Amino acid sequence: MTKLSKPLCALLLLAGLATQSAQADELRPAGHNATWQKECGTCHVAYPPSLLPAASWREMMNTLDRHFGTDASLEAAQAKEILNFLTANAGRRAALDRDGKPLQRITETNWFRHEHDEVPARLWKDARVKSPANCAACHQKAEAGDYSERSLRLPR
Ligand code: HEC
Ligand code: HEC
């Protein structure tokens, strides 16, 4: 390495780190809502609002009595508060199924598939993972809304 290239390396490294943390910030819920954390974080981690667009959250909150095979109904006031929080912080990437209906699963969105295309098939079926929706099996800080590479630990 020549003397001249050292500062350049440092610069590139810093730029890289900045991009990484900017991405992580984007994924963290903008703001926080205690009702959402409590009611939507009991059966699974409270999935960050930014991971689905507003149309998906609206559809989901309208069908909580038929929520992935369970009844996750809420009192009207709580449901309204949570819906407002979710849509105010929703992602902007469209997420539609083949019929043009809003997707209900983060794990069926194109970006999710793309981000996870290197996860080996056997890992999705591993007893410690069970379901791709079980984010915390690999993302150690999913509970806190942190999906950065730094906190990624694959079961081995
Ligand atoms: C009574 C339990 C229960 C409650 C309460 C609950 N969920 Fe779920 N949720 C489930 C189950 C079961 C699944 C399917 C998990 C799987 O496929 O492994 C699920 C899946 C999801 C998924 C799709 C995950 C994926 O595959 O991408 C989202 C998004 C979701 N829930 C959001 C919510 C929100 C928002 C709330 C609060 C309003 C909530 N859940 C409350 C049981 C619950
Ligand atoms: C079987 C392990 C596993 C599970 C379960 C899993 N992920 Fe991941 N996730 C990964 C791997 C591996 C990557 C790719 C890291 C890389 O190479 O950038 C990743 C990347 C990501 C990224 C991009 C992170 C970044 O900074 O680039 C996000 C966001 C993410 N996952 C969210 C989720 C969510 C939300 C769930 C649950 C609905 C989930 N993941 C479930 C393993 C997993």
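## Terms and basis of the model

A residue is called buried when its relative accessible area is under 20%, exposed when it is over 50%, and partly exposed in between, using a 1.4 Å probe and protein chains only. This is a predicted model, in which local features need pLDDT of at least 70 and side-chain atom pairs count only at pLDDT 80 or more, while totals for chains, interfaces and linings use all residues. Residues are numbered from 1 along each chain as its sequence is written, chains are lettered from A and ligands numbered from 1 in the order in which they are written, and side-chain values use heavy atoms, with hydrogens and water left out.

## Two residues with positive phi

Phe68 has a phi near 50°, a positive value in a residue other than glycine. Phe68 sits in the loop between H3 and H4; helices are DSSP runs of H or I with at least four residues, numbered from the N terminus. Because its relative accessibility is 43%, Phe68 counts as partly exposed.

Lys130, also not a glycine, has a positive phi of about 70°. Lys130 belongs to the segment after helix H6 (121-125). Its relative accessibility is 67%, so Lys130 counts as exposed.

## The buried side of helix H3

In helix H3 (residues 54-62), the buried residues are Ala54, Ser56, Trp57, Met60 and Met61. They lie on the same side of H3 because they cover an arc of only 160° around the axis, the arc being that of the directions from the helix axis to the C-beta atoms. In an α-helix there are 3.6 residues a turn, so residues three or four places apart point the same way. The buried residues of H3 pack against helix H4 (76-88), where contact means heavy atoms within 4.5 Å.

## The surroundings of ligand 1

Ligand 1 is surrounded by 21 residues, the closest being Cys40, Cys43, His44, His67 and Arg105; a residue is near a molecule if one of its heavy atoms lies within 4 Å of it. H3 gives the most to this shell, with three residues.

Polar contacts to a ligand are pairs of N or O atoms within 3.5 Å. A polar side-chain atom of His67 is 2.8 Å from a nitrogen atom of ligand 1. An oxygen atom of ligand 1 lies 2.6 Å from a side-chain N or O atom of Arg105.

Among the 21 residues around ligand 2, His116, Cys135, Cys138, His139 and Glu149 come nearest. Helix H5 (residues 110-115) gives the most to the shell around ligand 2, with three residues.

Key: Polar contact = N/O pair within 3.5 Å; in protein donor to acceptor, adjacent residues only side chain to side chain.
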